[in-house]
Amino acid sequence: MKILVIDIGGSNVKVRVNNGEERRKIPSGNFMNPSLMVAEVKRYTEDWEFEVISIGFPGVVKNGKIASEPVNLGGGWRGFDFESAFGKPVKILNDAAMQALGSYDKGTLLFLGLGTGLGSALVSEGHVVPMELAHLSYKKGVFEDYVGKRGFKKLGLVKWNKHVNYVVRRFDKAFNPDEIVLGGGNSKHLSKVPEKCRLGNNHMAFEGGLKMWNGKN
């Protein structure tokens with residue numbers, strides 16, 4: 001089965017298909033709505049063949065449906081009919097959950113995505129539990145304000161690293177996972193990988209997208 005994986009982010013929409021083709025990036029931002037995303041994905045992948053689609057979405061997904069509007073994109077996502085728009089079968093999962101699924105091996109894994117915001121998901125004994133830890137209160141705002149892209153730009157490298165380490169320790173105590181995977185584009189700025197953690201790889205989102213159709217989630 002040829003599967004197109006779409007990883008929707010606040011800065012880029014990344015697409016890849018499991019036929020050896022390269023990954024392609026589509027610029028994203030607060031202008032990106034679902035109709036534009038579908039049109040751009042079709043344009044960027046017009047020379048690719050695929051039968052089904054996996055979508056990683058940066059927001060709440062319940063029972064395979066988008067349940068709330070994203071924070072860092074445009075509007076119109078909730079209730080959008082992707083299958084009709086693409087004309088192919090579509091499965092949707094929270095983007096952090098998709099990368100967590102791709103990173104998972106055994107036991108209990110906590111995934112924290114240090115990107116535009118703060119993605120989060122737990123995988124326990126193969127079962128994926130998407131979470132929205134980013135918007136829980138923290139200091140004078142929420143976690144995302146300190147360890148997301150805005151926090152990185154405002155605080156600078158040293159202070160940002162301190163907040164990331166504190167947040168990791170806090171979530172480790174709360175969820176007691178066997179391991180913590182730190183993914184997202186800003187994970188490369190960590191001065192030291194915290195204890196019990198390993199760095200993720202954005203390519204794991206692709207692996208998670210494949211597992212969505214291979215019956216392993």
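The largest pocket has a volume of about 800 Å³, the space filled by probe spheres set on grid points joined across faces, edges and corners. A pocket here is an open set of points on a 1 Å grid over the protein atoms alone, where a 1.4 Å probe fits, with protein on both sides within 12 Å along at least five of seven lines; lining residues have an atom within 4 Å of a point. The model is predicted: local features need pLDDT of at least 70, side-chain atom pairs count only at pLDDT 80 or more, and totals for chains, interfaces and linings use all residues. Residues are numbered from 1 along each chain as its sequence is written, and side-chain values use heavy atoms, without hydrogens and water.

**Pockets**
- The lining of the largest pocket comprises 44 residues, with G10, D95, G115, T116 and G117 nearest its centre.
- The second largest pocket has a volume of about 210 Å³, and β7 gives the most to its lining, with three residues.

**Sheet**
- Five strands (DSSP E runs of at least two residues) form an open mixed sheet in the order β3-β2-β1-β4-β7, where pairing requires at least two DSSP bridges.
- β3 (24–27) and β7 (90–94) are the edge strands with a single partner each, so one side of each has no neighbour in the sheet.
- β2 (residues 12–17) and β3 run antiparallel, joined by four bridges; V13 has I26 in β3 as its bridge partner.

**Helix packing**
- Helix α3 (residues 95–103; helices are DSSP H or I runs of at least four residues) packs on the sheet and touches β1 (3–8), β4 (52–57) and β7, contact being heavy atoms within 4.5 Å.
- The direction of α3 makes about 95° with that of β7; angles run from 0 to 180 degrees between N-to-C directions of axes fitted to C-alpha atoms, for helices over the stretch in contact.
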